[in-house]
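Here is a walk through the model shown below. Keep the coordinates open and follow along, one chain at a time.

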Amino acid sequence: MDITKTVEEEKLNRRASRRFLARLRYGDQVAHLITLLFGSLIVLITVLLVLELYRSSALTREKFGWAFLFSSTWDPVFEKFGALPFIYGTLVTSALALLIAVPLGIGAAIFLAELAPPRVSDILTFVIELLAAVPSVIYGLLAIFTLVPLLRSTVEPALQYWLGFLPLFQGPAYGVGFLAAGLILAIMIVPFIVSISRDVLKAVPREMREAALALGATRWESTWSVVLPSARAGILGSIFLAMARALGETMAVTMVIGNDPKISASLFAPGASIAAAIANEFTEATGDLYISALIELGLVLFLLTIILNGLARLLVLGTQRKGTAQP
Amino acid sequence: MRVLKRSLGLVLVVLLAAGFVSCSRTPSEGGTTNLNGAGATFPYPIYSKWFDDYHKTHPDIQINYQSIGSGGGIRQVLAGTVDFGATDGPMTDEQLAKSKAKILHFPTVLGAVVPTYNIQGVTQELRFTQKALADIFLGKITKWNDPGLTQANPGVNLPGDQIVVVHRSDGSGTSYVWTDFLSKASPEWKTKVGKGTAVNWPVGLGGKGNEGVAGLIRQTPNSLGYVELIYAVQNKLPYGQVQNSSGSFVKADLASVTAAAAAAANDMPSDFRVSITNADGKGAYPVSSFTWLLVPTSIADSKKRQIIIDFLHWMLTDGQKQAAPLSYAPLPDAVVAKELKAISEIK
């Protein structure tokens with residue numbers, strides 16, 4: 001290319017950019033604007049979602065008020081709607097799932113990040129990420145065909161025999177129920193906890209481990225008292241993500257929870273969750289009040305998720321402050 | 001060079017935009033008329049066969065059907081977003097009053113719901129009295145060897161185990177028919193629970209879909225639930241006989257279901273919104289039901305109006321022959337004759 005050509009090109013170029021793409025000169029501002037737009041879209045979608053749920057549930061909010069949250073009758077025929085059994089079922093199954101999945105997931109993450117040989121760790125991580133991508137209906141089928149029969153014939157009778165004095169493990173063993181839903185949720189959320197926690201643990205600077213080892217700590221001591229505390233925020237983050245998934249999980253829970261909107265202390269009893277109720281009943285719901293009640297259930301689930309996430313954030317903030325305040 | 005690249009990019013963008021615009025237009029405006037319907041899932045297999053066959057003989061007509069559930073079908077037809085709807089339970093007066101144009105119900109085929117069970121050691125076909133079924137689902141009969149069951153089943157060694165009741169957890173036409181039957185069988189059920197696509201079940205586990213109920217029953221010893229006749233036949237589930245209004249025990253099959261409709265045809269209301277559960281007649285199976293197409297009486301588009309009229313004629317005559325091979329009970333002749341008259345109301 002000779003010089004005259006490039007000069008001409010440059011001129012053309014300038015004219016063109018002045019005409020159409022003058023703004024691109026201020027690349028940073030444009031990028032800022034565009035990303036700001038995308039960012040605010042998220043807020044907009046959230047606000048619209050809440051607004052729409054709030055608006056569409058006006059009928060039941062007016063008719064039942066706060067009693068909607070505290071009444072436990074769900075009767076579409078006589079149009080009496082109370083969300084308490086669904087809220088209870090959602091919370092119980094999610095809590096059960098976290099109770100099982102958190103120790104399991106963090107333990108596995110520690111092994112993968114700190115103790116396992118790199119090749120083993122890489123292969124296992126790949127498998128775990130695969131697990132996280134399995135659709136929930138597959139987990140539901142797994143639960144129906146293997147977990148539920150196992151629970152009914154072996155696990156629940158055994159629990160009843162050994163721990164039957166607790167109200168948690170009483171009543172007939174159907175297989176389906178809170179326990180089955182909690183277990184399948186636990187299996188579903190473990191991959192999230194493992195995969196994120198492992199990444200967070202891996203991100204802890206190598207120097208910190210070396211410093212701990214140099215001070216005479218064993219490998220486990222360095223993991224337990226140096227690496228884990230500095231990865232605390234990230235690990236908690238993984239747990240909250242898992243919790244959000246457990247709260248909103250629909251298909252697998254619907255398949256095994258038993259779908260009986262009653263509040264029972266026993267984990268063997270069938271129950272119902274908010275997401276399952278919506279999935280079950282929305283398609284065939286006729287009558288404005290019925291639909292409004294289902295939409296208000298959606299609103300309740302949304303608020304429940306926000307409240308629990310908010311509490312979780314507070315917890316993170318609390319532990320972070322504690323972490324930095326330590327001498 | 002850069003200019004070239006840039007203008008090339010511009011051209012690409014323009015081309016893409018043009019392509020996008022042309023794609024978003026309906027591709028088949030050349031002669032094909034599209035009709036859209038939505039609603040019940042129960043008759044979906046026969047509806048899709050009908051619409052497919054109709055398209056083969058009338059290549060310029062394409063009828064699309066989405067099986068989104070009866071509730072959705074009713075909602076969409078009221079909102080006018082579809083050309084016709086379909087439902088397993090008739091629309092209520094309240095719903096009909098909301099519609100701008102009068103909506104007609106056209107029975108298309110018949111379905112039935114059967115009690116299916118899994119009792120260890122029992123291979124005989126069980127007989128259920130109406131009272132026994134209602135009491136089991138009310139939670140008043142809790143054991144298999146209750147006199148209410150043993151008296152109707154002499155010679156069957158029913159165990160003393162707890163009955164595990166299984167019902168549908170999702171709203172469904174199947175539940176509607178079942179609870180409609182129970183409401184007629186027991187006054188207590190009618191006042192306490194009532195009929196509907198979803199009700200407040202006094203007892204039992206909920207399974208999603210026919211397959212969910214069947215799965216729970218297959219797995220759970222001493223369980224009892226209900227599924228659609230077609231589902232039970234296709235999956236070879238054992239199902240029992242139900243006592244009808246004349247006191248005889250009838251097993252559900254195409255003949256006994258059509259008999260129930262024939263019995264109801266005599267005093268059929270002109271709008272076809274009739275429940276044929278517990279119908280009269282010795283051979284009538286008591287847990288039977290029509291499934292309906294919902295068609296507005298005034299259709300502005302004359303082309304679509306004619307298509308719907310032609311299709312209804314075809315469905316009621318040639319179409320009925322396809323019902324039995326798919327295990328749907330065909331309509332009795334008396335009902336077909338009445339419906340053919342009702343088509344003229346569409347204007």
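Axes are lines fitted to C-alpha atoms, for helices over the stretch in contact, and angles run from 0 to 180 degrees between N-to-C directions. Helices (H or I, at least four residues) and strands (E, at least two) are DSSP runs, numbered from the N terminus. This is a predicted model: local features need pLDDT of at least 70, side-chain atom pairs count only at pLDDT 80 or more, and totals for chains, interfaces and linings use all residues. Residues are numbered from 1 along each chain as its sequence is written, while chains are lettered from A and ligands numbered from 1 in the order in which they are written.

Start with chain A and two helix pairs. Helix α5 (residues 84-115) of chain A and helix α11 (residues 232-248) of chain A have axes that come within 9 Å and cross at roughly 145°. The crossing of α5(A) and α11(A) is right-handed. From α5(A), the contact takes A:T90, A:S94, A:A97, A:L98, A:A101, A:V102 and A:I106. From α11(A) come A:I235, A:I239, A:A242, A:M243, A:A246 and A:L247. Two residues are in contact if their C-beta atoms, placed from the backbone, lie within 7 Å. The α5(A)–α11(A) contact holds 11 nonpolar, two polar and no charged residues. In these classes, Ala, Val, Leu, Ile, Met, Phe, Trp, Tyr, Cys and Pro count as nonpolar, Asp, Glu, Lys and Arg as charged, and the others, Gly among them, as polar.

Now the second pair. The axes of helix α9 (residues 206-214) of chain A and helix α10 (residues 219-230) of chain A come within 10 Å, again crossing at roughly 145°. α9(A) and α10(A) also cross in a right-handed way. On α9(A), the residues involved are A:M208, A:R209, A:A212 and A:L213. They meet A:E221, A:S222, A:V226, A:V227 and A:S230 of α10(A). Here the classes are five nonpolar, two polar and two charged residues.

One loop residue in chain A deserves a look. A:N259 is not a glycine, yet its phi is positive, about 50°. It sits in the loop between α12 and α13 of chain A. A:N259 is buried, with 29 other C-beta atoms within 10 Å. A residue is buried if 20 or more other C-beta atoms lie within 10 Å of its own, exposed if 12 or fewer, and partly exposed in between; C-beta atoms are placed from the backbone.

How confident is the predictor in chain A? The mean pLDDT of chain A is 87, and 90% of its residues reach 70 or more. Over residues 323-327 of chain A, pLDDT is below 50, and this stretch has two contacts in the model beyond near neighbours in sequence. pLDDT is the predictor's confidence in each residue, from 0 to 100.

Next, the interface. 29 residues of chain A are in contact with 34 residues of chain B. On the chain A side, the elements giving two or more residues are α1 (3-19), β1 (74-75), α7 (136-163), α12 (251-256) and α13 (274-281). α1(A) supplies the largest share, four residues. By class, this side has 15 nonpolar, nine polar and five charged residues.

Move to chain B. Its secondary structure comes to 13 helices and 11 strands. Of its 347 residues, 49% count as buried. The domain assignment gives domain 1 (34-111 + 289-345) and domain 2 (112-265); such bounds come from an automatic or database domain assignment. The domain centres, taken over C-alpha atoms, are 29 Å apart. Between the domains, 20 residues of domain 1 are in contact with 17 residues of domain 2. On the domain 1 side, α3 (70-79), β4 (103-118), β11 (288-296) and α13 (333-342) of chain B each give two or more residues. β11(B) gives the most, with three residues.

Finish at α3(B). Nine of its 10 residues are buried. They pack against β1 (33-39), β3 (84-87), α4 (93-98), β4, α7 (173-185) and β11 of chain B. B:G80 follows α3(B), with a positive phi near 75°.

Conventions: A crossing is left-handed if the near helix is turned anticlockwise from the far one by less than a right angle, and right-handed if clockwise.
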